[in-house]
Amino acid sequence: SKQLKSVGKATITPVLFAVNEPLLFGMPVILNPYLFVPFLMTPPVNVFLGKVFIDFFGMNGFYIQLPWAFPGPLGLLIGTNFQLISFVFLSLMLVVDILIYLPFCRAYDRQLLVKEDIASSNDIILEEDTSEIMPGEIDVIKSKELKVLVLCAGSGTSAQLANAINEGAQLAEVRVIANSGAYGAHYDIMGVYDLIILAPQVRSYYREMKVDAERLGIQIVATRGMEYIHLTKSPSKSLQFVLEHYQAV
């Protein structure tokens, strides 16, 4: 399906460095009944395989501490001191995980294909919006510099959208500056921003943050999984999203 292909292309790089939120909330995996079983099944299966290889095949345990964002497959090999048996374990684990996920992903993909066929029959265009920023939307920030804060769980995912907004602002030559941050570390700095955008993984804090935002005179908006993925891929669309929501409140 177009949706899964789009999510796959957008998330492959961050997932390699353990930034899983774009995939978890963009596919989505979280609260997806199709992927509930494999999402819960694969971690204990992987732990069991690791236990078998350590106890019966002499593979080293993980005794080298690596940064959390270290690429997973390479981290596994380094963590076991590049034992030959660890290559076998890694290959077997990947095969087993793929076999567990494959039937569920195919079922979910079939559902998405049906939805896309219905959308096409109703002449709903699913391609990226390439509309330009209208002059009226730019007027709102002529008198001041618009400051935007994008929040996620660990500031990795939020940096993707903040970069897209800044790139869009440079191309449109408008005074918009976006920064990224992590939820929980925003309390001391949120007062200097005009608009706060919540990534999907911190969307549940919207009502709580809205109280503080209204007290400080700040506008706040929460995003959803696929919406967030599309915004991070399009500088012009991300800038338009900022201007529309800054005007709307």
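1. The largest pocket holds about 1600 Å³ of space. A pocket here is an open set of points on a 1 Å grid over the protein atoms alone, where a 1.4 Å probe fits, with protein on both sides within 12 Å along at least five of seven lines. Grid points are joined across faces, edges and corners, and the volume is the space filled by probe spheres set on the points.

2. This is a predicted model: local features need pLDDT of at least 70, side-chain atom pairs count only at pLDDT 80 or more, and totals for chains, interfaces and linings use all residues. Residues are numbered from 1 along each chain as its sequence is written, and side-chain values use heavy atoms, with hydrogens and water left out.

3. The largest pocket is lined by 43 residues, where a lining residue has an atom within 4 Å of a point. Closest to the centre are Val15, Asn20, Leu23, Leu94 and Asp97. The helices α1 (2-16), α2, α3, α4 (72-79) and α5 each supply at least two lining residues. The largest share, 10 residues, comes from α5. Helices are DSSP runs of H or I, at least four residues; strands are E runs of at least two; both are numbered from the N terminus.

4. By class, the lining has 31 nonpolar, 9 polar and 3 charged residues. Nonpolar covers Ala, Val, Leu, Ile, Met, Phe, Trp, Tyr, Cys and Pro; charged covers Asp, Glu, Lys and Arg; the others, Gly among them, are polar.

5. There are 4 aromatic pairs. Rings of Phe, Tyr and Trp (its six-membered ring) pair if their centres lie within 6.5 Å; planes under 30 degrees apart are stacked, over 60 edge-to-face, the rest tilted. Tyr34 and Tyr108 form a tilted pair, 5.6 Å centre to centre with 40° between the planes. This pair links distant parts of the chain, 74 residues apart: Tyr34 lies in the loop between α2 (21-26) and α3 (36-56), Tyr108 in helix α5 (residues 84-121).

6. Tyr34 is partly exposed, at 29% relative accessibility. Tyr108 is buried, at 5%. Buried means under 20% relative accessible area, exposed over 50%, partly exposed in between (1.4 Å probe, protein chains only).

7. Phe53, Phe57 and Phe89 form one aromatic cluster. Phe53 is buried, at 6% relative accessibility.

8. UniProt lists Cys152 for "modified residue: Phosphocysteine" in an unreviewed entry. UniProt positions follow the numbering used here, feature names are shortened, and annotations may be inferred rather than shown by experiment. Cys152 sits in strand β1 (residues 146-152). Cys152 counts as buried because its relative accessibility is 0%.
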